Amino acid sequence: MKTENVHIFNLNGEDEFVQIQNKLKSKIDLCNIDESKIRICAGVDIAYWEDAGETFGACSIVVLDYNTTEVLEKVFSSGKIEVPYVAGFLAFRELPLIIEAAEKLSLEPDVFLFDGNGYLHYNHMGIATHSSFFLNKPTIGIAKSYLKINRVEFKMPANEVGAYTDIVIDGEIYGRALRTQKNVKPIFLSCGNYIDLESSYRIAMNLINNKSKLPIPVRLADLETHILRERFKEETAAQ
DNA sequence: GCGACAG
DNA sequence: ATCTTGTCGC
């Protein structure tokens, strides 16, 4: 699948990162979507490892039939990670591998689910939102831990599958603490882009089974990156 | 110096 | 994210 050429690479420092975020932020469109038109969905994740003092990563995108959750396609990419992890700038670290993998897709997913936040971000520009500008598709953010913004804590949702509490910061809904399994900590859902929160919620819940608290596409991508890491670890170490 | 900190 | 064994709870 073809990705949009949004320049974000070869940037110098966090000041330029913020400039890019501000520029893209103004183009965010949390529009309503027609869920009945969703046929295929995708999960995106990255795993890391160290070798000779350098950091490497493997990205996996797993494409599923939205209705049957049958796996339709898997693509990956791997390589040296050049950008350090800094909370708030995850996209600049992970996007190169994500784009490389997305370019290998023969299918065009109707929606992408990311391991990380979207609109629930200091600058509304978490990885799910930022990625949408390359993919030109609706995206959803699924984080496993809470990113606190302006010292606002989230309210723990009821202990029932599907229960949630909205995360409101300065009067604006940023995302949702969502219970996808009973007796399991909630996940943190937010719009990526080109989609509304209610649709994001329904899509995420439609992709939950009793195997994981994560939506199936994200969970499968997570598992896949671990397999890829074992494979590439040996290949890079052998050289 | 200390705490915060998506992945 | 990753390093890692046992162990508490349903």
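**Figure 1. The charged end of Arg231 sits over the ring of Phe232 in this predicted model.** The distance from that charged end to the centre of the Phe232 ring is 5.3 Å. Another charge placed over a ring belongs to Lys104, whose charged end sits 5.0 Å from the centre of the Phe76 ring.

**Figure 2. Phe17 and Phe89 form a tilted aromatic pair.** A search of the whole structure finds 11 aromatic pairs. In the pair shown, the ring centres of Phe17 and Phe89 are 5.5 Å apart and the planes make an angle of 50°. Phe17 belongs to helix α1 (residues 13-25) and Phe89 to the loop between β3 (71-80) and α2 (90-102), so the pair ties together parts 72 residues apart in sequence. Phe17 counts as buried because its relative accessibility is 10%; Phe89, at 11%, also counts as buried. Phe92 joins Phe17 and Phe89 in a cluster linked by ring pairs.

**Figure 3. The largest nonpolar core contains 60 residues.** Ile61, Phe112 and Ile142 have the most contacts inside this core. Helix α2 supplies its largest share, eight residues. Nonpolar side chains tend to be buried together in soluble globular proteins.

**Figure 4. Phe112 and the residues it touches.** Leaving out residues up to four places away in sequence, Phe112 touches Met1, Ala42, Val44, Ile61, Leu105, Leu135, Lys137, Pro138, Thr139 and Ile140. Ile61 is also, with Phe112 and Ile142, among the residues with the most contacts inside the largest nonpolar core.

Terms used
Residues are numbered from 1 along each chain as its sequence is written. Chains are lettered from A and ligands numbered from 1 in the order in which they are written. This is a predicted model: local features need pLDDT of at least 70, side-chain atom pairs count only at pLDDT 80 or more; totals for chains, interfaces and linings use all residues. Side-chain values use heavy atoms; hydrogens and water are left out. Rings of Phe, Tyr and Trp (its six-membered ring) pair if their centres lie within 6.5 Å; planes under 30 degrees apart count as stacked, over 60 as edge-to-face and the rest as tilted. Helices (H or I, at least four residues) and strands (E, at least two) are DSSP runs, numbered from the N terminus. Buried means under 20% relative accessible area, exposed over 50%, partly exposed in between (1.4 Å probe, protein chains only). A charge sits over a ring if NZ of Lys or CZ of Arg is within 6 Å of the ring centre and within 35 degrees of the ring normal. A nonpolar core is a set of buried Ala, Val, Leu, Ile, Met, Phe, Trp, Tyr and Cys residues joined through side-chain atoms within 4.5 Å. Contact means heavy atoms within 4.5 Å.
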